[in-house]
Amino acid sequence: MSDSSLPPQPSLLGQARRLNIAGLVPFSTVDWPGKIVASVFCQGCPWRCTYCQNYEILDFKVPGAVPFAELEDLLGRRKKLLDGVVFSGGEALAQAALIPAASWVKGQGFQVGLHAAGAYPSRLQEMLTADLLDWVGLDIKAMPTDYRKVTGVAGAAKAFACLETLLASGVNYEVRLTIYPGHPGKVVELARDLATRGVKNFALQQARKLGASPEFTAQAAGWDSQVKTWAKEIKELGFANFSFRPA
Ligand code: SF4
């Protein structure tokens, strides 16, 4: 079969346009510390974290609400106003179209950041190897033995594989732990374990109560002071960069 008989391959932009996007925030100063970015929320996540505030975008079968063309248009207008684009979710790495999407964004002269829950280590490796990522915010949700209690699945092996891949890559990153009333705990032990694994940039995030269930609120008594105590103890572990983000 000659090459001319093969069906034409979609262009890079054509492949990027397959990204299923649930939401687009045109201007954010919080999604990538120190950068002004547009944030793309990708549809779908295989995990079901009890504290998730994006539950309405977890279903992979729901079609995206935002065409990729909106991002094209935005970046065309904000060439000098944005540092980059952060792909978030849901779990952005779940979609194969993330790779051409990130590649297209980089081709437009923007940096690319990624929020990852850690469910797809192979795709993270592929993106890092292809030099498509300038920064990664990686969630580590609990000690390995407690992962299922947070995510509803046994995701620890994949998440810690992502961590190892990320640390080996040399790409800028932040490892984040989000805690909430009812979290399985061992918070300081987990931070210490991460430090031992070589994590230098670590953030402790307190899940917001806004919009949370009555059960969440009921368990929150005395919670703020407990979280502050953990933050103080973690600070003493000596991470090169430690951020505490209270609710
Ligand atoms: S991994 Fe993130 S998006 Fe997925 S359920 Fe958990 S908190 Fe929600």
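These legends walk through a few close-up views of the structure shown above.

The model is predicted, and local features need pLDDT of at least 70, side-chain atom pairs count only at pLDDT 80 or more, and totals for chains, interfaces and linings use all residues. Residues are numbered from 1 along each chain as its sequence is written, and side-chain values use heavy atoms, with hydrogens and water left out.

**View 1. Who surrounds the ligand?** Here you see Cys45, Trp47, Arg48, Cys49, Tyr51, Cys52, Leu58, Gly90, Ala117 and Lys141 around the ligand; to count as near, a residue needs a heavy atom within 4 Å of it. This shell splits into seven nonpolar residues, one polar and two charged. In this sorting, Ala, Val, Leu, Ile, Met, Phe, Trp, Tyr, Cys and Pro are nonpolar, Asp, Glu, Lys and Arg are charged, and the others, Gly among them, are polar. The ligand takes up the space of the largest pocket. A pocket, on a 1 Å grid over the protein atoms alone, is an open set of points where a 1.4 Å probe fits, with protein on both sides within 12 Å along at least five of seven lines; its lining residues have an atom within 4 Å of a point. A molecule sits in a pocket if more than half of its atoms lie within 2 Å of its grid points.

**View 2. Strand E2 is covered on both faces.** Strands (E, at least two residues) and helices (H or I, at least four) are DSSP runs, numbered from the N terminus. In E2 (residues 37–42), six of the six residues are buried, meaning under 20% relative accessible area with a 1.4 Å probe and protein chains only. In a regular strand the side chains alternate between the two faces of the sheet. On one side of E2 are Val37, Ser39 and Phe41, and on the other Ala38, Val40 and Cys42.

**View 3. E2 has a neighbour on either hand.** Two strands pair if DSSP finds at least two bridges between them. Strand E1 (residues 21–28) runs antiparallel to E2, joined by five bridges, and Leu24 has Val40 as its bridge partner. E2 and E3 run parallel, also with five bridges; look for Val37 opposite Gly84. E2, helix H2 (residues 68–77) and E3 form a right-handed β-α-β unit: with the strands pointing away from the viewer, the path from the first strand over the helix to the second runs clockwise.

View 4. E4 pairs in parallel with E3 (residues 84–88) over four bridges, where Gly84 partners Gln111. Getting from E3 to E4, the chain passes through helix H3 (residues 98–107) in a right-handed crossover. Four bridges link E4 to the parallel strand E5 (residues 135–139), with His115 opposite Gly137.

**View 5. Strand E7 is tucked away too.** Six of the six residues of E7 (residues 201–206) are buried, so the strand is largely enclosed. Asn201, Ala203 and Gln205 point one way, while Phe202, Leu204 and Gln206 point the other. E7 runs parallel to E6 (residues 172–179) over five bridges, including the pair Arg176 and Ala203. Five bridges also join E7 to the parallel strand E8 (residues 241–245), where Phe202 meets Phe242 as its bridge partner.

Technical notes. Buried < 20%, exposed > 50% of the residue type's maximum accessible area, 1.4 Å probe, protein only.
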